[in-house]
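The stops come in order.

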Amino acid sequence: MSDEVDYDVIVIGAGGSGLAGAIWAAEAGCKVIILESEDRVGGSTALSDGVFNAADTSLQRKLGFTDSIDEYYDYYMTLNAWRQPAALIRTFCDEATPTVEWLISLGVNYPERVAKKPKQTVVVGSVDGGGLYAAGVEYPPRGHCPAEGGSIYTSLMDNRRAVLGVELVLNTRVQQLIVEDGAVKGVVADGQTLRSRAVLLACGGISHADPEMIHTWFPDAYETLPPGYHPTGPAGPGHRGDGVHMARQAGADIIGKNCGLATSGPFLPNAPPIWHGYNPSSVVYVNVKGQRFAPETAPYAVMPGLVKAQGYNCWGVFDEAARLRSDPTGSGYAHGWDPQFVLDSVARGDILQADTIEELAVKCGTRPGGLRTTIDQFNEDMVTGHDRWFLRDMEALHPIAQGPFYAFRYGNSTFVVASVGPRIDSGAHALDEDGQIIPGLYAAGEAGAGVLGERYVGGGNGVANAITMGRVAGMTIGKDLMGK
Ligand SMILES: Cc1cc2nc3c(=O)[nH]c(=O)nc-3n(C[C@H](O)[C@H](O)[C@H](O)COP(=O)(O)OP(=O)(O)OC[C@H]3O[C@@H](n4cnc5c(N)ncnc54)[C@H](O)[C@@H]3O)c2cc1C
C-alpha cells in the first residue's frame, strides 16, 4: 500500500467532540475532513441543555465566586470514589476552563446570573434562561448554561469549521478503520476508502446500540427495567456503538461499563413516547420496605446511585389531592402530568391505585407497615415544617392523606449518556490492552472512555467531556502530526 494520504485527519462524527477536534487540528495546520452519519451536524450535543461544568472561569468570577481547579478535581474524583484515571481527569479539569473561555470567544453567551432549579422540582434537568447553576452537589456552582441550549455550541463551532475550510460530509456512516501494521491509516465509509495519518473517533456512545452491546456494557440500564423492556432515551440517533466496533478492530482496550447516566424518574412504559418527567412534587420515593431513602429533590448526580442501592425496587407514592393539583406545565423535553394523565396511566397499568396506603403497599410489593410509618412521618413533618431524616424543604408541599392513593415505579429508566469505548490517555490517544498508544487513533466525547465514570457528577459532565476532550484531541493531533 502507498503511504499517500487523502487527509491528515479524518474525524468520525460532527457532534460536540468531533467539531471541537476538527477545529483544533485544523488550527494547527492539518487538512481535516469530518464524516457524519446523519443528515445534520450536532448529535446529542445539539439536543442537550448545553450545561458545561468548569471551575475558575470568567463567569464565576463575574458573579463573585472564588473557585479552583484543584477543588473541581477533588470533587470529581471524590464523587467517583477515586476510581477514574487521575492523569486523565486532571487534564480534563484543567482544560475545561480554557474550553469554556474559547466557546465564549466563539460567541457563546452564558447569562450573567445565578440560576436555580424551581423549588420542589423533582425532575432532572437544568434551568430556564441559562446562567451559572449548581448542576451537581457542588459549591460554588460550576454548571455553565447558555440560554439557547447545546445547539449554540455546535452551530458556532460549525461556523468556525467552515471558516477553517474543514470539509464536512453528511449522511456518511463510517463502519470500518483501515489498520495496517498495528496503525490506523484511514476509514471505509459507504464502500469508499479514505486514507489519513490520524482518525478521531468522535461518534458518541451506545444508547441506541443493539441490546447485546447495552447488556454487556451498561447492564444497569436493564437492571432497572422489568423483564422484556429495553432501555430508551433521548440521545442522538447516531449513538449506535460504532466507535466500540471500530476501536476493537484496532485492538483497543474497551472500557466504560455502566459509565454515563441513566437518570431516575417515573417508569411509565405504556404512556405516549415523550418524557413524562414531572410527577407531582408532594410525593415520597420508597423502597421495598416502604421507607424513604433520599430527599425526593436529590440531584441527579447522586439519585441514580441511591436507586441502584435499593435494588431498583422503588416506588413514588402520592394521593388524590396531589393528582388534582398536578401541573401539566413541563420544561424542555420533560412533560408535566395533569389529573387526567394520572387516571389514563392507571387505566394503562402504569400507575397503581388503591383506597388505602396499606392496600397500595400490597399492590407494590412493599411492606404495608413500613409504608404506613413513612407516610405518617411525612405528614407529621409537614406540620412541624422539618423533614426529620432527609431535610427536604417542606414549603409548598402537602400531606399525603386523601384517598385514593397512587404509586408509580421509580427507576433509572431514562438512558441519556453511555461512554464506552477505547481507553484514552490524557492526550486522547486510544490505548491498547497493554496501555500502549495505537498509532493514528484518537477518541473523544462519549466515544473515548475514561472521563465519565459511574457517578455522573452533575448536569454539565457530558458536554464538558465532549467539547473539552475533542479540543484536547485536536491539539494532540496537531502536535503529533505538525509538531505544534
Ligand atoms: C437530551 C439530552 C440532554 C443533555 N443535556 C446535557 C447537558 O445539559 N449537559 C451535559 O453535560 N450533558 C448533557 N447531555 C449529554 C451530552 O449531550 C453528551 O454526552 C455529549 O454531548 C456527547 O457528545 P459527543 O460528541 O460524544 O456525541 P455527539 O454530540 O452525539 O456527536 C457524535 C456524532 O457522531 C455521529 N456518528 C455516530 N456514528 C457515526 C458513524 N459511524 N459515522 C459517522 N458519524 C457517526 C452521530 O450522528 C453524532 O452526530 C444530554 C444528552 C441528551 C441526549
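The tour visits a helix, then a strand and its neighbours.

This is a predicted model: local features need pLDDT of at least 70, side-chain atom pairs count only at pLDDT 80 or more, and totals for chains, interfaces and linings use all residues. Numbering starts from 1 along each chain as its sequence is written.

**Stop 1: helix H6**

Select residues 151-163, helix H6. Helices (H or I, at least four residues) and strands (E, at least two) are DSSP runs, numbered from the N terminus. H6 has 13 residues and reaches 19 Å from first C-alpha to last, close to the 18 Å expected at 1.5 Å a residue. That expected span is 1.5 Å times one less than the number of residues.

Now colour Tyr153, Thr154, Met157, Asp158 and Arg161, which are buried. They lie on the same side of H6, because they cover an arc of only 125 degrees around the axis. The arc is taken from the directions from the helix axis to the C-beta atoms. Buried means 20 or more other C-beta atoms within 10 Å of the residue's own, exposed means 12 or fewer, and partly exposed is in between; C-beta atoms are placed from the backbone.

Turn to the face away from the buried side: Ala162 and Val163 are exposed there. Just after H6, find Gly165, with a positive phi of about 75 degrees.

**Stop 2: strand S20**

Select residues 437-443, strand S20. Five of its seven residues are buried, so S20 is largely enclosed by the rest of the structure.

Val199 has Leu441 as its bridge partner.

Technical notes: Pairing = 2+ DSSP bridges.
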